[in-house]
Amino acid sequence: MAHNVNFDLSHPRVEAGLESPADEEGVHDSFSQLIAEESQKEGPSDAIELQYQQRNPEDKDRDNVAYLSPSENRRWRIGSDKTGEEDKGRQTDSLLKDSWSSATLKILSSMPSRTIGRSRGAIISQYYNRTAELRRRTQRRASIKDFSRSARPSIRGYGVEVDTTDSAEKKQERLIQNLQNLSAVDRVRLLKEMPLNLSEKKSLRRLTLQMTKQTRSSSNLRCCSYLKFHIILALRHSWYNCLSFLHSLHLWQMPLKRVSGRFGSGVLSYFLFLKTLLFFNMFLFLVLGSFLVVPQAVYPPEQLENRKSFTGLELFTGGGYFANTLLYYGYYSNHTLHSCSKNNISSPPKPECDSKSLSYNMPLAYFFTIGLSFFVTCIILVYSMSKSFGQSFRIDKSNGMLAMKVFCSWDFKVIKRSSVRLLSENIRTQLKELLGEAHHRHIRSTISDKLVRLVMHGLGWILCIGATAGCVAVIYYFSDYMHKEQLKSSQNDSGDPELLKEASLLALPVLVSFINLMLPILFQFTAWMEKYNSPSLRTFVSLSRNLILKVSVLGVLCFHWLKRVAGSADNNKAFKCWESFVGQELYRFLIIDFIFTLLATLFGELLWRSFSDKVLKRNRRPGFDIAKNVLDLIYGQTLAWLGLLFAPLLPAVQILKLLLLFYIKMSSVMMNCQAPSRAYRVSQMTTIFITLLCFPSFLGASVCVTYTMWRLPSSESCGPFRGNKTMIQAGKQRIVELVKENPNLYFLAEAHTYLVENPLVLFVGATIFLIVIYFQSQVVDGQRKIIALLQEQIENEGEDKKFLITRLQSVHERKRTPARNLTSQVSLWNDRLV
Amino acid sequence: MGTTASQLPKESLSEYQELTFLTKQEILLAHRRFTELLEGDERNHPNPRVPMDAILTLTELKSNPFKKRICQVFSTSENRDGSLTFEDFLDLLSAFSDSATLEIKSHYAFRIFDFDDDGTLDYGDLEKLVNCLTGETADTRLSSEEMRQLISNILDESDIDKDGTVNLSEFQHVISRSPDFVSSFKIVL
């Protein structure tokens, strides 16, 4: 990328004084004027010409020099004054003197670091170097001994093809040559990534393909490589078609665009999170549906009890008509299904069926399907969490946010005019805040202020935690009471109508959802009472309080189900099939949670908006609380994961719920809310949400399911694991049977014994994992140190540059003054002669 | 859209797909929106050029404070008037698309913010940039004192070689620290 800058001061043009002293008017004080002049001149200019400029007249066309207001005569005294004061001892100054001569300015303006942004020749050079590097990487590496010593050791790594006298056409030829030698994938990727305009890329591609075709036709292609070539082409074509088909299935593209156009990326992240959850549930539904539901639906077991009639209440309670259906665990049979014994299900299969019929081992299938779906969900979650974390984690600790705020905070997706105005207001407030912070950082608050603030925070926390503990205790005792009521009523067989009994099952979900609704309002009120210094702290505190509430509520519910309900299975006929009962409970919780969200959206946002419009007559509508809504989504998804073992069709219910929720929230947001008035760091919050989805939510659900499978005795009369002590034992037994039938699966049993049951494997695996994490953190530390060193080096190079330019300028001035004297003398002589 | 000149030939479509970050559907949608901007007689022109005023009527660009700079950066016209051909329009959408790399986006963002097109962001460029961000009316701008302080802070933070301007590499260095840039530098038709 080194242009041949001609620093030769004994250049004949200088001697001849073509840089005429009369050009003192040409002492520019801004680049813009200079470049505007350059573009107006025809042919090479008079002053010291940089050779590349002479040879590449077309570069001038590429330089975008249009929109320069010639009246722009800013004097950059500010920078120079400041640095002048600071660096008193230094000779050099920042490159902002307002009296550079035009030659110096020309040199400055054609420096590589400044032309790369605007000149086509520079871009082609840069990409030529990049393709050369790529090619070199695939070929033999040149050893360092081959390079001659140079004053700038940094050139050594580059293969020293200092071909600085090449014109743009030659550079382009070499670029095309390099492109040909790359693989097709690399070539396509490199062409896409070049920041040139499309017509030039087209010509580059055409030239590359032309030459490729020539080279190909010249060599003799063997028949198999010819075929391979065509096959690869056909595959690539079909891959592109497949990708565009997938893209065209964009779910909800228009509504998402409307939301982002009006509210920006923050609110959009909520809807994208909802979409992600929808895809998770669709995957679960497909897996469970194809492996569990469909086989069982095709070969239904015989009904022991009479099916109850359908009343409307089933949709809410999940019992009644739905009780003995595919929805719940109790329906699934515990033996192998055979395709021939369709009529006679419960009895063992006839001997003549064995050889030809398809058999499907339902308990084993149930066990492995649940395990597989949890495992795959875990992998997907950990992968997306690490990807999201990797994107938002930055190695070097940034020393300030201002530059980043100014360059990166404009959201180009926002389209609506009022939202654009709001965004500008946001940015202005943030910039002012940051400027104020920088100013007032040294002002410390007094001790009493700090104490008061500490006391307020402490009170707030005590209030919130106390309220949470109180509500958890209420749920505990109420669930105990309801449990005892159900035991009593089933034992007495009292004359209460069925409907009332079913409806009383809804009491616990309603209580829990009510608590989930009311307590966050209390938290918000507490947060409003305590004054927080920074908005991000407030967000984190409210997020953690809501999280504590939801985790404790779910914890006490799991305790209730897994200890009490499962524990009373033996002595009560109501809980004979406790897994189905737990499945029904989870179904009820999901449905009631959805109804409460609906009501809260309706009454909360709609009524609040009309209240504030009509009564308070304020112009500001309520904002959309992203964190609280995302936590609600995570809570619902935890319930769905918990219920996977007990109700295999629960993902379908969750899918319906999410679809309806999307449209309801979308219309509510559009009608009632306005764009957020506070800054929202999207990628950081998205990382946090995915982490929350993985750690408390998914981990908790999988721990509960593992505990159920491992420790709890399964019920005797229903489900695929009836009659065994625990589900894991049933699974093992089935595997043993399978191995007995097919002896070549022996290795599976061996693998199971040595790998899964051996605690040493787990220990070794965990140790290796921890060691890898430690190494990676050391690598990151090392990279931080390297970044600091490189920054220092760049600063030093900048000093070099400034030194050279100022010396050049001073030498110029010295040379010019004798020349001026000379010409003035010559003119005097002329006058005298005449 | 009756005439064949206003429809996209198949080879061009696959070529555009290979050279830009857009998918086939996006290219077709762009073609449709572009021809809507043309006057009736221009549609039969082999390579029509839409003037800047027409481009600025698109809803995606109408309220954007950088709309003029965007048109100027992507324009390949001789007289620098910001008019765009269809290929310039595709360039624009490709740089602002979902799958464009960080490097392309930061390159074009730099060119958009470089108001005087001299290859670096100096004081004047930064001042105009901040004014665009905070709004155009007089009461929404920062005071001159605040502006001065802001720009000197920005230069302190991002000017590594201390030459008083932010060049492309320094700009890309700042951009790489912000994970939100890629998602906010997007325009979707």
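B:D161 and A:K801 form a salt bridge, with their closest N and O atoms 3.2 Å apart. The model is predicted.

**The interface between chain B and chain A**

- The contact involves 89 residues of chain B and 82 residues of chain A.
- About 8000 Å² is buried between the two chains. Carbon and sulfur atoms give 58% of that area.
- Three residues of chain B stand out: B:E18, B:L19 and B:R80. They supply 10% of the area that chain B buries against chain A, more than any other three residues.
- Six salt bridges are found across this interface.
- The side of chain B that touches chain A has 33 nonpolar, 30 polar and 26 charged residues.
- The interface also holds 16 residue pairs in polar contact, counting pairs with both residues at pLDDT 80 or more.

- The bridge between A:K801 and B:D161 is one link between the chains.
- Elsewhere, salt bridges that share partners join A:R205, B:E15 and B:E18 into one network.
- B:E18 is also one of the three residues named above for their buried area.

- B:E87 belongs to helix α6 of chain B, which covers residues 86-95.
- Is B:E87 buried or exposed? B:E87 counts as buried because its relative accessibility is 11%, and the cut-off for buried is under 20%.
- The side chain of B:E87 makes a polar contact with the side chain of A:K202, at 2.3 Å.
- Which residues does B:E87 touch, leaving out those up to four places away in sequence? They are A:L198, A:S199, A:K202 and B:Y16.

**Salt bridges within chain A**

- Over all chains, the count comes to 21 salt bridges.
- A:R189 and A:E193 meet through their side chains in one of them, at 3.9 Å from N to O.
- These two residues are four apart in helix α10 (residues 184-193) of chain A, so about one helical turn separates A:R189 from A:E193.
- A:R189 is partly exposed, with a relative accessible area of 38%. A:E193 is buried, at 16%.
- A:R784 and A:D781 form another salt bridge, with the closest N and O atoms 3.3 Å apart.
- Where do A:R784 and A:D781 lie? Both are in helix α29 (residues 759-833) of chain A, three residues apart, about one turn of the helix.
- A:R784 counts as partly exposed because its relative accessibility is 22%. A:D781 is also partly exposed, at 34%.

**Chain A as a whole**

- Chain A has 29 helices and two strands.
- How much of chain A is buried? Buried residues make up 42% of its 834 residues.
- Take the contacts in chain A with a separation of 6 or more. Residues 24 or more positions apart account for 79% of them.
- The accessible surface of chain A comes to about 46700 Å². Carbon and sulfur atoms account for 62% of that surface.

Methods. Residues are numbered from 1 along each chain as its sequence is written. Chains are lettered from A and ligands numbered from 1 in the order in which they are written. This is a predicted model: local features need pLDDT of at least 70, side-chain atom pairs count only at pLDDT 80 or more; totals for chains, interfaces and linings use all residues. Side-chain values use heavy atoms; hydrogens and water are left out. Contact means heavy atoms within 4.5 Å. Buried area is the accessible area (1.4 Å probe) that two parts lose on being put together, summed over both. A salt bridge is a side-chain nitrogen of Lys or Arg within 4 Å of a carboxyl oxygen of Asp or Glu. A polar contact is a pair of N or O atoms within 3.5 Å; within protein, one must be able to donate a hydrogen and the other to accept it, and residues adjacent in sequence count only if both atoms are side-chain atoms. Ala, Val, Leu, Ile, Met, Phe, Trp, Tyr, Cys and Pro count as nonpolar, Asp, Glu, Lys and Arg as charged, and the others, Gly among them, as polar. Buried means under 20% relative accessible area, exposed over 50%, partly exposed in between (1.4 Å probe, protein chains only). Accessible areas come from the Shrake-Rupley method with a 1.4 Å probe; for residues, only the protein chains shown count as cover.
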